[in-house]
Amino acid sequence: MIGAGAAGMMCAAQAGQRGRRVLLLDHGEKLAERIRISGGGRCNFTNRSVGAENYLSQNPHFCRSALARFSQHDFIKMIERRRIPYHEREHGQLFCDDSAQDIIDMLKDACDAAGVQWAMPCAVRQVARIEDMEGVRFSVATERGTFRCQSLVVASGGLAAPLIGASPFGYKLAEQFGLPVVAPKPALVPLALAPETLVPLKPLAGATLDAATWCNGGSFRENVLLTHRGLSGPAILQISSYWQMQEYSDGKRQAIEIDLLPDTDASAWLTEHRNSKARLSSLLAEHLPRRFAHEWCALFGWERPLNELSKRDISAAAEALKGWVLMPSGTLGYAKAEVTLGGIDTNALSSKSMEAMTVPGLFFIGEVVDVTGWLGGYNFQWAWSSGWVAGQFA
């Protein structure tokens with residue numbers, strides 16, 4: 001098994017419990033760094049509510065089977081049996097009370113109890129397909145020698161977080177065996193704005209807003225942060241995946257829209273106050289940060305008393321407040337991304353077992369697969385679910 005992260009350890013423990021001899025290889029020196037640093041060190045390990053609608057993929061139904069067979073409730077039971085204290089935050093996100101290390105220790109102990117053997121750090125140099133009388137299918141050449149196996153599980157992750165060892169290993173291996181790969185892209189990532197868009201917005205940098213975002217069928221209501229490079233905050237990270245997904249269809253990307261007043265009928269509200277001598281920014285400051293309201297109105301030339309604004313201005317302001325259109329120029333890349341969009345094409349895998357349909361004994365699980373979850377514990381749940389499923393068959 002290649003990759004000792006969330007999906008890899010879950011799979012190794014399950015396969016070992018079935019009596020399989022398991023060797024878990026990983027090129028990293030530290031075990032499960034992605035788990036350790038996640039959630040500010042407390043690991044957002046799953047979500048109270050998990051369904052296929054919380055994931056993006058070229059085959060949106062692929063994840064249903066694994067999520068149903070090992071659900072968030074099953075992982076929560078593991079946590080509770082281990083007596084790991086945890087708490088719930090907004091939107092059903094579950095975090096460890098103490099440390100993400102609790103999750104790592106639980107998974108490692110499960111692997112050890114199942115007789116899993118470890119090889120870390122251990123870089124894989126070559127994988128070859130073979131056949132012999134004993135049913136051995138693969139030869140894995142590493143810096144610690146060559147190993148032969150009947151089943152090979154790849155849990156090597158995606159390209160996000162390159163500073164802690166992310167690599168394209170899994171994609172290259174899939175291509176070696178003729179499996180298609182959906183082009184990887186950074187996901188759950190801050191968005192950059194072009195200089196011509198960014199320069200006028202500089203006075204707004206640092207503002208945090210409770211807003212709603214829309215793009216390509218996705219919609220999220222959380223904080224939006226304006227930065228000196230573009231847009232960030234949970235609502236932007238969420239919508240970034242949908243913005244990136246557009247390129248898979250026709251290569252074109254539409255802008256994102258931000259509703260600055262998600263709880264307000266802006267048109268009715270502004271019309272009600274259109275005879276007021278108060279400046280528009282003063283009225284907006286009832287719902288938005290005062291500095292942002294002032295600079296935002298100045299950006300559009302609306303920093304005047306409401307009774308001096310024309311009907312067209314009032315209408316335009318209401319429209320912009322409910323759908324502020326911004327076109328990103330790109331993302332801040334894998335170094336700032338939470339996860340990777342794209343990966344091993346799910347049409348090449350069995351949703352029941354995660355096994356490659358044209359290469360018996362070869363399995364792909366976790367982030368390396370073209371299944372990408374929302375922010376909020378969904379990607380860890382995919383790791384647990386896909387790892388558990390493969391562990392029943394590998």
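Modeller: Gladly, and let me begin with a definition: two strands pair if DSSP finds at least two bridges between them. Helices (H or I, at least four residues) and strands (E, at least two) are DSSP runs, numbered from the N terminus. This is a predicted model, where local features need pLDDT of at least 70, side-chain atom pairs count only at pLDDT 80 or more, and totals for chains, interfaces and linings use all residues. Residues are numbered from 1 along each chain as its sequence is written, and side-chain values use heavy atoms, with hydrogens and water left out.

Colleague: Which residue in S8 is the bridge partner of Val-124?

Modeller: S7 pairs with strand S8 (residues 138–142) in the antiparallel sense, over five bridges. For Val-124, the bridge partner in S8 is Thr-142.

Colleague: How many disulfides does a search of the whole structure find?

Modeller: A disulfide here is a pair of cysteine sulfur atoms within 2.5 Å. The search of the whole structure comes back with zero. Take Cys-149, which is in no disulfide: the nearest cysteine sulfur belongs to Cys-11, at a distance of 12 Å. The count of disulfides is zero.

Colleague: Is Cys-215 buried or exposed?

Modeller: Buried means under 20% relative accessible area, exposed over 50%, and partly exposed in between (1.4 Å probe, protein chains only). Cys-215 has a relative accessible area of 5%, so Cys-215 is buried.

Colleague: And why does Gln-101 count as partly exposed?

Modeller: Gln-101 lies in helix H5 (residues 101–113). Although Gln-101 and Arg-36 are 65 residues apart in sequence, their C-alpha atoms are 5.9 Å apart in space. Gln-101 counts as partly exposed because its relative accessibility is 31%.

Colleague: Stepping back, what share of the 394 residues of the protein counts as buried?

Modeller: The protein has 13 helices and 21 strands, and its C-alpha trace spans about 85 × 45 × 35 Å along the principal axes. Among contacts (heavy atoms within 4.5 Å) with a separation of 6 or more, 70% join residues 24 or more positions apart. Of the 394 residues, the share that counts as buried is 54%.
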